[in-house]
Each structure stands twice: as structure tokens, then as C-alpha cells.
Amino acid sequence: MLRATFCRGFWPLALCAFGATSSAATANVTRAPIEPSLASSSPCESGAVGAPNALDAQDAQDEAASEEELAAARSEADRKRRRGDRSGARRDLEELLDLDEADAESRALLARVRLDEGEWEKAAKAAERAVADAAKRSVPERSTEVRRLAARVLAELRLERGDAPAALAALEGVADPADPRDAWLLGRARADAGRRDEARAAFEAGAQSPAAGTWEALLAKARCQRRLGFLERASQTLVAALETAEAVERSEEPELLVELAELYFEADGEVDHAQTKRRSPVPLLERALALDAGNERARLAMFEIYRFNWVRQRRNAGEILNELLLANPRSIAGLIAATSSDLDDGQLLNARNRLRQLDELAPGRREVKTLHAALAWVEHERERAETLLGELAAIDPRDSEPEREVGSHLNELYRFAEAVPFLKRAVERDPTDHRAWTQYGRALANTGDENGGLAALVQAEEAAAGRADAWRNNTRIVLQKLARDYLNEPRGELSFAWTPAPAPVFRTYWIPFYASERAELAQRYGFTPSPTHIEVFDTWADFSVRSTGFEGFPALGVCFGPVVTAVSPTSEMRGNFSWARTAFHEFTHVIHLGLSHNRCPRWITEGLATWEEENKNLYWSRNMRRDLVDALANDDLIRVRDMNRAFRSSRILFGYYQSGLVCRMWIERHGFPALVRVLEAFDRGADLDRALTEVFSTTPEAVDREFEAYAREHVKDLAIEPRWSDATIAKLRIRRSGAAPEKAADKRAWGEDLCSLAWGEWQRGRRLDAEQTLRRLDAAGSALALPRAYFLRGEIALSRDLDAEAHKAYLRGLELGGEDFRVRMALGKTLLQQGEKAKAEEHFLAAEKAFPGYAERELAAEIALSELYAQSDRTDDAQRAVARWLERNDDYGFALSVARWHAKQGRAAEACVYFQRAAEVDPFRRELHVAWAEALEAVGDFAAAAREWTVAGEVLADVDADAPEPLAPTEHARFLGRAAENLVKAGRMEEAAAAAKRALTLDPDCAAALSILGN
């Protein structure tokens, strides 16, 4: 819980701290009513004339007591609503209305309950009746308060549905601008009606109202202050509101917690700062939801935060929104957020369906019209999009939000070039819109105008007036670093940015590699891309920020279309990835995005690029077969319609892998040209459904079924126990809670399910539960002697150091016809420890057959075999085993080891293949280039040998992972001399002479150089 000395749990803002860098139990007491003035009665209500007699006084006293009880009942009903018990609140209010149908206060509160439930028609009917009944009250003082309450509820309802004129009509002649509750609604209604100056006047009146009042009035005052941009004052008012609420309600108020959380998010923007950590919005939202689980604003705020900052992995943003809509499918705010999210993810069918709902519920909302405009533009209905935007501008010419939102959606879809004009118009319409400036900077930077993007982000920070934004701050810092510290090297249609130290090696490999792949891919796709800029970052953090705005992005390269970002092999990820594979993958995106004008769903471009990797080199495989086995077992494949969203979740890496397999399936069955036609279909404006129908005559749902069968075939020869999910275990626990069935086939399925359940319990560390489940199998009789049950018994025994018992259980499972990679590996390792090398080898070989090329090298059968062979001086067998593992995996050390083995055996051509693979992982190793150069000489590739001798001299000691001493001038001269000799053999005499002259500047006695120059 957050703490402060002045108020439990809350911190007022101090916006000047940012810029350059980045609950008590409910007491059982009578509650004050929501309208404080209604808690007491006017003497006039008794209807007495003249001096009251004793009977009149008693009647008045009874009537006052009754009214006080009635007010308390209303207050308690509204408190139930605010604590999530909306059905209870509705029942209580309906009971009050049964006693008095003209009770306008109760009916207004009932309308608010209906509003919370998404029962818009019933809410409207109740609110209108409340206004009418309130107007009939005979006592003026009382009538005014009731009418204002009813009018506020009706106005709020009409604003939610997008009818600003009707909301103003409800407030007209009733609202008191000096009351911040009325001022807040007047301001909103006027703003939505395009009466911007009048709206500001209303907000100013609400913001300047006296500090004292109910917590509801203080909340409205804070909202007015926040709308005007006075965030510090708003935070102070909210702290006062929280104190007031706790004093009256003996509990925190969810709406106050949500408002404060939203304010913190607006002010702090997820910036990692000591002060912001003390006022994180998420704990406040969690406290609000603990009090009111159905609080829509809390869920929407949580969704917005998790959507903004993808680094937050504890919750999935989409799941938060789905929970809201599951509870209230007619939530207007929820549907707007979901439609916006659908547009960002390319879920156009969902967006269209939700917009149809919104057209029924809230056709006048500016956000709904803006979403229609964005969808129209995305679907190539450009005239309609511009017409809709024009209609919105006619109502409020100074409102930049519609064009900003269209541009933002295009940015999310990587259609940056299309976003630029909209965002330019947005900042011209309202130069103080810091969010528009931020999106404008993003679009400019990702179309290759980094300087323009940086200037826009600087302008955004100025316009933000102290509001922080982690994405904006992070991106600005990296763009400044790019401008200050990186070299910019143009090479024809390609240009590169990298730091000076590794530049010579980059020039040698990156430039020809990109040029070659550009030519190859352009020919194959029949499309030549526009100029492309490649940025290579020395640190993974800088790459991640430049690519996503935050650190920790689990990728190695990103393509925005004309801009590619990549991690340098000198980064902290060194030795763990192939820069060549990353470069090839990203440049295929240059083609895909260019061919489709960035209109193809991300998952298809990622899938096609992943297929391209494997098609070029099998060892560039993602090798996530283990994860595919798990997904199939748990019925957890990503559905085609949800694939784009996987790239915003913790399943992003599996999203790459599965989308690659889907594209592989299509290419195998329809041919590669079909995928080009898919890209062209998206370029013409087709959505996913239309593109699949046009090219493959299928639907997304049919693709799901087809792919599941394809995936099962893909892994059918693999034998490994799946990792069972929590959801699967929960289902199995319910489904198999009874006794064993009588029929043999049903009993077998029952037993397999129990095995899965036991394995799932064991995988979660619940050994006793797993053993109890296994005992249920034993009780079913010997007919259920299942291999997987014995394998689990073996694993449990092994964990308790009962090696003999484990060995016996494993072998029994194998005798029963079972097979499992992990079982074979466990047997092999225990036998190897016992000195039984021959038997260990037998099991390791069986493990390799059960799962060849297992991705984790510490668990891979081939690597275990290589170690076993090395212990037995079987060097050739050891290297062959490693080479088999390298068929599906990349590793610098293993590739270099196999290369040296081939070279030592006189197989220079084979050695060169593995030397190149090593260089594709880490080219900043001098010893690699020397060994590769010698192998190239042996095969007669003298030009390439000259390149390697040259690069060997250019690898600086401070970037060489082998940490050698700085290269001596004489040694450097020797490398250049060898390069010159090879250039002569390649017939490149001028280059040979230049290399020789460089050698002599380092060592005047360099024999090779002197010989070439004739000295």
C-alpha cells in the first residue's frame, strides 16, 4: 500500500519533478445520503399553517424521522451500487418506489444503477421519469435539490450516448454552475457540442468552487481542475475528497481511487522515477476493484495502462477488457475501447461488428464517429473517412482528437507514412495537443525522418506542460543518441547507422549482405522496395526503446517499412543470435510491408518472414517444437483471428513460430505465389476474411482446423511429456473426479487423463497430489498399466535420489511401449554416472530419435552424446553429434568447433560453411577470421580469403570477445600482406597494391608487401 505522512496512501502531484529524465471494513452505521441537503427536512414540508400545536409537532417530528430513514435507505442503496452490489441496490430502490412511485430521488438513483448495468433504455426511462416527478414537487427548496440530482443523472446518461444537445437541455434552467457537480456536466456537454469557450468557463467555475463540500462535490471539482490541466491542484482536491469520504463512509471510495489513478497515469506516464513509484496507479485501481469488482472505469484504466506499457506482463490487456465486456456486453465505454483495440490489431471484422453495436447505443459520440473514420480509411474508403472527419471538424474546428486518433491507429498498424498527414493536421489544429505531437514524432521517425521525429517529440514535451510519458521520453533520448553518437553511412538505396568502433566490420558484412538479400528478395517477390535505413544498436536496451519505446522487448530486429532496427552482435546478447538471420528476416519485412503498403496483418508478415528464414537455412528454424507439443496438448493454439494480439502478449515468440508454420502450410499446399497474392489482396484493401476467401477459398475458422491437423502431423514423431497448463489441470480435475468407467476404451481414456493430471500436479511441485492421483490408477487394476504413469513414478523416485527405483520404473514404462525424450535422457545420464557408457549411449541415441535437435543445448541428446564420445576419445563421433544438433540450432562455439574439426581433417569446404555460420553469430573475433581465411585459401576462394585477412586486422581488442592483446603493428601488417597476396591471386591488382602499402606503413619490413610492390 502506498503511504504518505499527510494522508493514508496518496501523494499529491509535483509535476516539476519530471521532464528531462526519465481498506477499512464497512461500518454498520446509517450513511449520509448522496445528496447531503436531502438528509434533513424543511419545516414547511409538514404542511402546517400558523403555530403548531402538540399534535402537529408530533406529526412533523414523525415525518422528519420518516424522511431521515428514507434518506438513509437511499444512501445505503447508492453505497451498495458503488460497492458493486448493483442487483441489491436495484432491489432496495425498487422497494422504495413500490412505497412511493413519485419518489424522484430513488428513481434517479435507480437510473444510475441501470446506467452502470448498461441497461440504457431502462436507465433513460427512469431518469426522464425522475426529472418529471422532481418538477412536480410542491416544496421549492426540496424540489430544486431533487431536480438537480435527476437532471445530472439524465445529462450523464445522454452524454454517455453521445447526445450533447439533449444533455444541455436536461441541465438548462436547473443546473447551478457554482456547484462543481453541475459545472462538470455542463462543461462536458458544451465541449461535446463544440462550444469550447463556454465549456472552459463551466470548468473554471467548477474548479474555483469552495474547497469544502461532500466527497462527490470534491471529486467533480478535481475533474474540472484536471480537465483544465491543473493536475497538481486536482490531486490536492482528490486527497481532500478521500479524507472526506473516509470520515463519512469509513471506507475508501472506488471512484476516487480510480480518478486518482487516472490522474497519476496522465501525469507520470509510466516514467521510472523514485517519486512516481510511490504513486503507481495500478495498486489504486486494484484497491478500487477490490471494493467494486464491476467498476468499469477501473478496468478501462487498467486496460489503458497495460496497453500503453507492454512491459507489464502480470496481466494481459485484452483479458482485462474481455472481463469488462463479459460482465456488461453493452458497455459503451468498453465497446469504444474494444473497437479501438480491434483497429490497432487489424481485427477489422470485430471492429465492424462492435461499431454496429455502438451505432445503436451511442451514435452521437465523437469517439464513435472517429472510429468510423479510422476504419473507413483503413479499408480504403478514403472519401468517407475525410467526410466524417470534416463533419467532426465542423462541430469543433479546434478539436485535434479525431485526426490524432486516426493517425494513432495507422501508427499501430505500422502504416506510418499514411499517419503523417493526419497527425500533421492534428498538431496544426491544436498545437497544445502533446499526444498528437508524440504520435507525429513516432510516425516521422519510423518513416526515416529521425530528425523530424526528434523535433516533434521535443515539441510534445513542451506542450505536455509537465506531464511525463515514458514512451516519449525514452524514444527522445535514443533519437538524440542516434544523432549524436552514431555514424550515418549511405550506400545507394540503403543507408546504415552504427557506432564508430565496430563500423569497419559492419561495413565488410552488413552492406554486401543487405544489398545481396535486397536484390534476391526483390526478384522473387517482383517488387523493388523504396530506400531503406538500417540502425544497428550497441545495446539491447537502446534497440528495444527505439523499436517499442520501452526496454525488454524480446526480439532482435524490427522493421517499420523504410526503417529497420537491429541489435549489434557486440551487445549483451552477444553469441546468442545470428545477426545475418535477423537482417534477412527484417529485410523480408521491407518487401512485405512495401508490397502491401503496410496493410498486411502483422502476423502474416511475421509468419512469412519466419518461413523465409527456414527456407534459406534450416538451422535458422525457431525450433519451438516443444512449445507446439504443449499448445496442442492443452488445446492452446492461437486462433487466426487472435494471432495479431499474440504479438502484444507474453506469447509473442510462439506467435512468430506458429505464424511461420501457418505460412509454411499455405506454401506447401498452394505454392509461394499464393502468399504474394495475399499481400496484394491486403494492399487493395481486403481484410483477413476477404483475403483468405479470395486467395485460398477458406475462412479463418477453417484455417484453424486445417492448421491443427497440420501441426499434429508436424510433431507426430516427437515423444515428450507436455507441460500441462493450469486450465487443463482444472478441467481434468473436474472431469475425472469419479470412478473408473467400465468399458475398456473409456477406462483407458480415463487413465490417460489421470496421468496428465498427475503430471500436471508434479510439474507444479505438488508431489503428494501427484502420488495420490497415481494411487487412483493403481486402484483401477493392472489393466491400466500405463507407460506415462511409470515414467512419472520414475521421475518422482529420481527426485528423491532413489536411482535404482527410478531406473526400474523408467524401464517398465519403456517395456509397456512408451517412449519419452526426457526419460531416455535421465536413463542415459544415470547410466553414464555409473560408468555404463555403452548403455548410456543407447539411451542418448534413443533420446535423439525421440526429439532430435532439442533447442536447449544443456538438455539436447546430441550434446550429451558429444560429451560421452569426447570422454571416450571418439573425436569424430563427438563432432558429428554436434553437427547434427547444429542442423536445427545456432551456436558460435559449436559452429567454430565443427569448423576446426573439418579443417583439421582436410575438409576445407565443409570447414568454410561452419566458419561462416560462426561469423553470422559473432564476427568480432580475430581468431575466427584467421582460421576462416586459411580455409578459404585452401579452397581457392582468394577474394573471400583477402576479406577475412583484412577483417582480422580490423577487429579491435576492446570488442573482441576472445579478449586478446591489442594487435601488434607487425602482426597487423602480416594480415594485410596475406590479404594482398590473395588479392593478387584473385586478379584485383589495384586493391592488392593498396593493401600492401597499408602493410608497409605498419611494418616497413613486411615481406609479402615488399614482394607485391616489387621492392
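**Helix H34**

I began with the buried residues of H34, and they are Pro 700, Ala 702, Val 703, Asp 704, Phe 707, Tyr 710 and Ala 711. For my own reference, buried means under 20% relative accessible area, exposed over 50%, and partly exposed in between, with a 1.4 Å probe and protein chains only. This is a predicted model, in which local features need pLDDT of at least 70 and side-chain atom pairs count only at pLDDT 80 or more, while totals for chains, interfaces and linings use all residues. Residues are numbered from 1 along each chain as its sequence is written, and side-chain values use heavy atoms, with hydrogens and water left out.

Which helices cover the buried residues of H34? I found that the cover includes helix H29 (625-633), helix H31 (652-670) and helix H33 (688-696), where contact means heavy atoms within 4.5 Å. Helices (H or I, at least four residues) and strands (E, at least two) are DSSP runs, numbered from the N terminus.

I then checked the span of H34. The expected span of a helix is 1.5 Å times one less than its number of residues. For the 15 residues of H34 (residues 700-714) that should give 21 Å, and the end C-alpha atoms are 20 Å apart, which agrees.

**Helix H22**

Next I looked up H22 (residues 434-446), which has 13 residues and reaches 18 Å from its first C-alpha to its last, close to the 18 Å expected. Twelve of the 13 residues of H22 are buried, so this helix is largely enclosed by the rest of the structure. Among the buried ones I noted His 434, Trp 437, Tyr 440, Arg 442 and Asn 446. What covers the buried residues of H22 includes helix H20 (401-412), helix H21 (416-429), helix H23 (450-463) and strand E5 (563-567).

**The second largest pocket**

Rolling a probe the size of a water molecule over the atoms shows where empty space is left. A pocket here is an open set of points on a 1 Å grid over the protein atoms alone, where a 1.4 Å probe fits, with protein on both sides within 12 Å along at least five of seven lines; lining residues have an atom within 4 Å of a point.

How many residues line the second largest pocket? I read off 38, of which Leu 556, Asn 576, Phe 577, Arg 581 and Arg 622 lie nearest its centre. The elements that give two or more residues to this lining are helix H27 (579-595), helix H28 (602-616), H29 and H31. The largest share, four residues, comes from H27. I sorted the lining into 15 nonpolar, nine polar and 14 charged residues; Ala, Val, Leu, Ile, Met, Phe, Trp, Tyr, Cys and Pro count as nonpolar, Asp, Glu, Lys and Arg as charged, and the others, Gly among them, as polar.

Is Asn 598 buried or exposed? Asn 598 sits in the loop between H27 and H28, and at 11% relative accessibility it counts as buried. Its phi is near 60°, a positive value in a residue other than glycine.

Phi of Arg 250 is also near 60°. I found Arg 250 in the loop between helix H10 (231-249) and helix H11 (254-268), and at 44% relative accessibility it counts as partly exposed.

Last, I visited Asp 1005, in the loop between helix H49 (989-1002) and helix H50 (1007-1013). Asp 1005 is exposed, with a relative accessible area of 63%.
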